[in-house]
Amino acid sequence: MQSAFSKNELYCKKLYGGLLQAQALAKIGHWELDLVNNSLYWSDEVYRIFGLEPQEFDATYEAFLSFVHPEDVESVKSAYALSIKNKQGYYIEHRIVRKNDEIGFVEERCEHDFDSHGNIIKSIGTVHDITKRKSAENELILASAVFEKMSDGVLITDDKQRIIAINSAYSAMTGYKIEDIKGKTPNTFSSGWHDNEFYKNLWKQLNEKHHYSGEIKDRRKNGEFFSADISITALHDENGRLTNYISIVNDISDKKHKETLIHNLAYFDSLTDLPNRILFQERVMNKIPALKRSGAKMALLFIDMDNFKSINDSFDHFMGDKFLIEVAKSIQELIREEDTLARLGGDEFTIILEEVKSISDAAYVAEKIINKFKSPVIINGLELYTGVSIGISIYPDDGESYEELVKAADTAMYQVKESGKNSYKFFTKAMNDKIRERSLIENGLRSAISEGELFLEYQPKINLKTKSVYGMEALVRWNHQDIGLIRPDKFIGISEETGQICQIGLWVAKQALKDTKALHDEGNLLTVSINVSNKQLSDSSFIDDFCAIVGEVGVDRRYVELEITESHIMKDLDKSLSILNILHSKGLNLSIDDFGTGYSSLSYLKKLPAQTIKIDRSFVLDIDKDEDDRSIVATIIAMADALGKDVIAEGSETKEHIEALELLNCNQVQGYYFSKPLKIDKFREFIRNFKGEPAST
Ligand code: C2E
Ligand code: CA
Ligand code: CA
């Protein structure tokens, strides 16, 4: 078959077809505008770019303009007009609106053909669909704006971890500019804070999950460390090839700093910087499981400074604070680094001694501490002496929980205080019984009065010369609903500590005065002695309350005597003196109880407004056998005589006691020889029958 085309034409047609194909691939269309006969040709690709089927409608310049985005029409028109005028080609990028209203971007280039006179006869142009590139560009512009504006630091590396970009937040955070670090890998300026294990884990996660996030210690250009939340993503292209790493870094050093501050406030004592109660408890509790596994022992020392209160009272609080700081330092120096010293509050310190091999390890530390404070604590050149009372409990022997251990050590410490301070004791089970009894008493006392469990007994006071009962001492007893009868020695001390003594004291006063009033009304004008403890005396309302009761019941004050122990008076002589003087001025009688045990001297005795001295029963006990006791009693009596005071001997149990006392001219006695304390009815009976001899029972 003969072809209609020459070989060359065929070749050209082939070439032309190839060109069209290439243009379609590259999304480039071409057009020709014949200015001589005003005809426009669009290639198929132009139609496609405008969203039309090839040759769908007639190509005209107006048709073309109708596809140009309305906002770009003017610039397209003027670009063309200008190029015609200047007889030059042009290049323009503009938007188009496709038939389906989709917006696209095209790039147009146009050149002109001229006739021999230089007039334009044809414009030939290309339309290149650059929508994809444009939107990628726009996305990039958007992304880079976000990148720059992000408040988190961003660092981007290539697949070889070479830094290619950082944003300004990253620069601000680290002090590095892109010039400083471009091309380097981040680990060339890493903080050196984390170990290899840390980075191994980081890379493992990045490789497996393509993402890592965690907290990291980083370093600024100036060398300063900072904490950061970091999140690293490994980016891959559509073929799964690693392209970049993007790290987003968030400086949390401020937050960390605040956290540390809060942590310190919550866990450390601000005065001494030692762990506080909470941290101490945590540490003890954290140790217990390991000890349980290993079977090792741990010692808990509970330390209380003996003199802190008086230091605090005699000087100012500043001194007290300094003292505690020094104490903390001194103790810290005596223990190993792995042992924890804590301050629980006030002058109470605790130590955990880890893994003590035997309990003598703990004793050794306690001794070291006690010895240390044999030398004074020196503050501003001032020598402050203090003793230390230490109680020790051992895990697991004395308790398996924090509470049990602290309680046991505290109990042991309390026993040290009871038995003279400045020493140490290990907790024993017997202490526990004591504690249990104590808490039983403490709790029971609250309702003792309201439940009517308290009652009084009266012990007669005898005048040996006149062979008569001249007075009585009121002694309180407690009939506990579970325990039964409890003697005052057991509960008065505790009630003094808890303050309940004030209430009890007023109950005793009221009851004793009522019974006395009844006796008086019956014609027995006896003196009643009521015991008053220090705590009651220091209660500001005691004197008024007491006097009010005396007035209310209607007993003549001359028959009322308060017994106050000598040791109580000597504890704070000046204060006691002023209180005793007030009581005296109110017309009440005073007696110094347990005299001889409180180390008072003649000069004090002279000042005391007390009318009576009651010789302590410890001197009476052996008075018939012991020469020394006899001479002490003789001296007391002589002294009292010289001061014009009365003397009574308590605890006179036997005929021999009575005879010895009579020989020494002590004519007033109280004791089992004549009578034990008696309930009021028995007491009445006793005085009714008294003939100067003990009742023959
Ligand atoms: P106290 O004031 O020295 O009371 C005397 C104690 O010696 C009483 O013990 C009494 O029963 C006991 N006693 C009496 N005669 C003899 C004797 O011949 N031989 C011996 N060995 N003891 C004798 P009680 O009643 O157990 O009182 C103990 C302490 O309790 C009292 O010592 C007193 O300090 C305190 N007390 C008692 N009642 C009260 C009270 O109502 N208020 C206050 N604040 N303390 C009280
Ligand atoms: Ca007494
Ligand atoms: Ca006494």
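Which residues touch the most other members in the largest nonpolar core? In this predicted model, local features need pLDDT of at least 70 and side-chain atom pairs count only at pLDDT 80 or more, whereas totals for chains, interfaces and linings use all residues. Side-chain values use heavy atoms, with hydrogens and water left out.

The largest nonpolar core holds 77 residues, of which Leu-513, Ile-530, Phe-546, Leu-562, Leu-583, Phe-674 and Phe-683 touch the most other members; a nonpolar core is a set of buried Ala, Val, Leu, Ile, Met, Phe, Trp, Tyr and Cys residues joined through side-chain atoms within 4.5 Å, and buried denotes under 20% relative accessible area with a 1.4 Å probe, protein chains only. Helix H19 (residues 542–553) gives the most to this core, with 7 residues, helices being DSSP runs of H or I of at least four residues and strands runs of E of at least two, numbered from the N terminus. Apart from this core lies another, of 33 residues, including Met-305, Ile-335, Phe-373 and Val-377.

The calcium ion (ligand 2) is coordinated at 2.1 to 2.3 Å by Glu-473 (OE), Asn-531 (OD1), Glu-563 (OE) and Asp-593 (OD), where donors are N, O and S atoms within 2.8 Å of the metal (3.2 Å for Na, K and Ca), and the site may look incomplete because water is not among the atoms. Glu-563 lies in strand S22 (residues 560–565) and Asp-593 in strand S23 (residues 589–595), so the pair ties together parts that are 30 residues apart in sequence. Glu-563 counts as buried at 1% relative accessibility, and Asp-593 is likewise buried, at 6% relative accessible area.

Technical notes
Residues are numbered from 1 along each chain as its sequence is written. Chains are lettered from A and ligands numbered from 1 in the order in which they are written. Buried means under 20% relative accessible area, exposed over 50%, partly exposed in between (1.4 Å probe, protein chains only).
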